[in-house]
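Dear colleague,

I am handing over the structure we spoke about, and below it you will find my notes on what turned up when I went through it. Please read them alongside the coordinates.

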Amino acid sequence: MLHRGHESTDGTGGGELTVPMAWLYAEYIADELLRTGDLMPPTSFEFRAGRDALALTVFLSDSGGELSGIRVITQLETWLSLTAYDQPWHTWVRERLALRAAEAGGHAAPDPDLELAAAAWRWLEETELLAPDLDAVPGGGSVPGEDDGPKVWTAAWRLGLPLGHLAIHLF
């Protein structure tokens with residue numbers, strides 16, 4: 001198997017599989033951050049939304065494909081700022097994906113890392129999850145139980161992003 005960025009030495013490409021290591025590593029980091037925070041069951045859609053949002057943040061903020069285990073700790077502040085509530089994260093993701101696609105446009109073979117990142121983004125954008133309406137004030141008072149409050153259908157990224165942000169804080 002070839003790692004992304006390495007070519008076969010015979011010039012033919014050898015028809016070998018290119019492993020999307022950058023995406024898989026970003027997904028692993030996101031998974032570990034969420035599991036450490038213990039905010040949601042790992043089998044829930046909310047967990048997947050948080051993992052995909054964090055993985056996109058990790059993957060797209062790594063400009064040179066140089067993210068190593070030691071650099072993860074130094075990147076936490078960057079990821080916190082990118083996932084903060086007042087930041088246009090969704091716009092940043094679209095721009096970075098478009099930039100990566102343009103950079104990869106000249107290559108003969110598709111970039112499997114970019115394909116997985118784009119698939120994660122499509123899922124986050126197109127999937128809606130039923131979540132508490134954080135903007136509503138039910139009856140002007142507090143809600144006794146979290147399941148009693150109003151709920152709205154929201155894009156998965158809108159639920160996963162704050163979950164990922166909180167997981168980074170708890171790490």
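Helices here are DSSP runs of H or I with at least four residues, numbered from the N terminus. With that in mind, aspartate 38, which comes just after helix 1, takes a positive phi of about 50°. Please bear in mind throughout that this is a predicted model.

Helix 1 itself covers residues 21–37, and its 17 residues should span 24 Å at 1.5 Å a residue, which agrees with the 24 Å that separates its end C-alpha atoms. The buried residues of this helix are Trp23, Ala26, Ile29, Ala30, Asp31, Leu33, Leu34 and Gly37, so that an aspartate is listed there together with residues such as tryptophan and leucine.

Aspartate 31 has a relative accessibility of 14% and counts as buried, because the cut-off for a buried residue is under 20%. Its side chain meets that of arginine 35 in a salt bridge, at 2.6 Å from N to O, and arginine 35, at 44% relative accessibility, counts as partly exposed. An α-helix has 3.6 residues a turn, so residues three or four places apart point the same way.

In total the structure holds 5 salt bridges. Another of them joins glutamate 27 to arginine 51, with the closest N and O atoms 3.9 Å apart; this pair links distant parts of the chain, since glutamate 27 lies in helix 1 and arginine 51 in helix 2 (residues 45–61), 24 residues apart. Glutamate 27 is partly exposed, its relative accessible area being 22%. Both residues also belong to a network of salt bridges that links Glu27, Arg48, Arg51 and Asp52.

Further along, arginine 94 forms a salt bridge with glutamate 125, and here the closest N and O atoms are 2.9 Å apart. This pair, too, links distant parts of the chain, with arginine 94 in helix 4 (residues 89–104) and glutamate 125 in helix 5 (residues 112–126), 31 residues apart. Arginine 94 counts as partly exposed at 41% relative accessibility, and glutamate 125 is likewise partly exposed, with a relative accessible area of 32%.

Definitions and conventions. Residues are numbered from 1 along each chain as its sequence is written. This is a predicted model: local features need pLDDT of at least 70, side-chain atom pairs count only at pLDDT 80 or more; totals for chains, interfaces and linings use all residues. Side-chain values use heavy atoms; hydrogens and water are left out. Helices (H or I, at least four residues) and strands (E, at least two) are DSSP runs, numbered from the N terminus. The expected span of a helix is 1.5 Å times one less than its number of residues. Buried means under 20% relative accessible area, exposed over 50%, partly exposed in between (1.4 Å probe, protein chains only). A salt bridge is a side-chain nitrogen of Lys or Arg within 4 Å of a carboxyl oxygen of Asp or Glu.
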